[in-house]
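Visitor: Please take one part of this model and go through it closely. Keep it brisk, and give me the cut-offs.

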Amino acid sequence: MNLITVKEAAQKWGVTPRHVQSLCKEGRIKGATRWERTWMIPAHAVLPSTAKGEAPHMPMPRKSPFLDMTNIYAEPGTADACGALLENNPEAHALFEAQIAYRRGEIDRVYDKARYFLSAHSGFYAILGGGMLLSQVAMWRGDVQLWNEAKRHICEAPCQSETEREIISLSLAIIDSSIYDNKDYPAWFTRGCFDVLPPAAHPAAKVFYIKYLYMTAFSVASGQMKLEGVQGLAPMRLVPHVIEPMISQAVVDKTVLPEIFLRLSCAVAYHNAGERERALSHIDKAVALALADGLYGTLTEYVRHFDGLLEERIAAVDESAVQIVKELYRTYSVGWARLSGAVKNRYIAADLTAREREVAKLAAFGFTSKEIAAMLYISESTVKQTVLRVVQKSGVKDRSEFPGIL
């Protein structure tokens, strides 16, 4: 009989060695044998359930907390079928289904499934996945307590190596990036180096790296960050040059969700740089991919960036879909603003119209009222009135504070 050590079993099952030792002492691992001061375990043994009626924990089929961003989900329109293929791995099945539910905007369902992982002795990637889901629910609900709880769970994941500690650091930074806090990303990540990550985690890492680059470009454009020799929209115009090859790679790798995210992020950068036609091309392709599986929640999170353009393009394809996205956005925008404001200790306006947000963004980029009027084909007095409404709604003193409310 082939035998493995406690440490090898722990690595195989994604749990701590101490947990494996406890199970051996309780006689719950079939065939485990005491060997001097340790235990030897049959190589074919499976991790037993942690409670009566629970399924045994099994390793994730991909080393990533974002199963839905891996090539498990390889074709648009097949999300449910891909989930069904994971039925023999209960934790992977539950995690994938919860992630797809989140992409669809089914927030209450996501909350219940996240609790499944966090109430059990799950493996490393399962706990990370559950914690990330909980943080996303907190964002939609505007719940700071739930937000902090999600971070605590991630910190308590059964970390067994320096690599896994780095992954925890990255996961916490990703959570903060949801409210546009860019400061805690690991240095290796800000350089675009993913060597520390398992290959299966690279598609998701690319999505978050592009988000990091976009937030940096936005900070430069709005004067919140100074980079030597760089100013204005120059970095924003460069971002698509990084994203375009990543989109091509996502197509080759058959990773549907990263392709959607990358296309939408690329479209946002093009839109902010005034390149409408290039933005529309990516928006339309992303919308087609997302609607194939009803991923309305994914589209919802980008609504605020497009000043009404995304809703317009969804409506051109499916009028019922745009109504779902609009309804979800009402919930999401209020929750996001409440959470972001509470964490940053400042008021974030949630009720700006698409036109008000567009004018505020251009003002934040440093354009004058006359320039904004010419860009939007409206009168200068209309711009000034819109700026005044934004000031009144957001409670800031003047347009110089607009970068902090968007």
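Guide: A crossing is left-handed if the near helix is turned anticlockwise from the far one by less than a right angle, and right-handed if it is turned clockwise. Helices here are DSSP runs (H or I, at least four residues; strands are E, at least two), numbered from the N terminus.

This is a predicted model, where local features need pLDDT of at least 70 and side-chain atom pairs count only at pLDDT 80 or more, while totals for chains, interfaces and linings use all residues. Numbering starts from 1 along each chain as its sequence is written, and side-chain values use heavy atoms, without hydrogens or water.

Take α13, residues 276-291. Its partner α15 spans residues 309-317. α13 passes α15 in a right-handed crossing. Their axes, lines fitted to C-alpha atoms over the stretch in contact, lie 10 Å apart at an angle of about 55°. Angles run from 0 to 180 degrees between N-to-C directions. The pair is therefore oblique: under 35 degrees is roughly parallel, over 145 roughly antiparallel, 65 to 115 roughly perpendicular, and the rest oblique.

Contact means heavy atoms within 4.5 Å. From α13 come R276, L280, I283, D284, V287 and L291. They meet L309, L310, E312, R313, I314 and V317 of α15. By class, this contact has eight nonpolar, no polar and four charged residues. Nonpolar covers Ala, Val, Leu, Ile, Met, Phe, Trp, Tyr, Cys and Pro; charged covers Asp, Glu, Lys and Arg; the others, Gly among them, are polar.

α13 also packs with α12, residues 256-272. Here the angle is about 155° and the axes are 8 Å apart. α12 and α13 are therefore roughly antiparallel. α12 passes α13 in a left-handed crossing. Among the contact residues are I260, L264 and A267 of α12, with A279, I283 and A286 of α13. By class, there are 10 nonpolar, two polar and four charged residues.

Now F306. Neighbours within four places in sequence aside, F306 contacts L264, A267, V268, H271 and I283. The largest nonpolar core holds 127 residues, and F306, I260 and L310 are among those touching the most other members. A nonpolar core is a set of buried Ala, Val, Leu, Ile, Met, Phe, Trp, Tyr and Cys residues joined through side-chain atoms within 4.5 Å. Buried means under 20% relative accessible area, exposed over 50%, partly exposed in between (1.4 Å probe, protein chains only).
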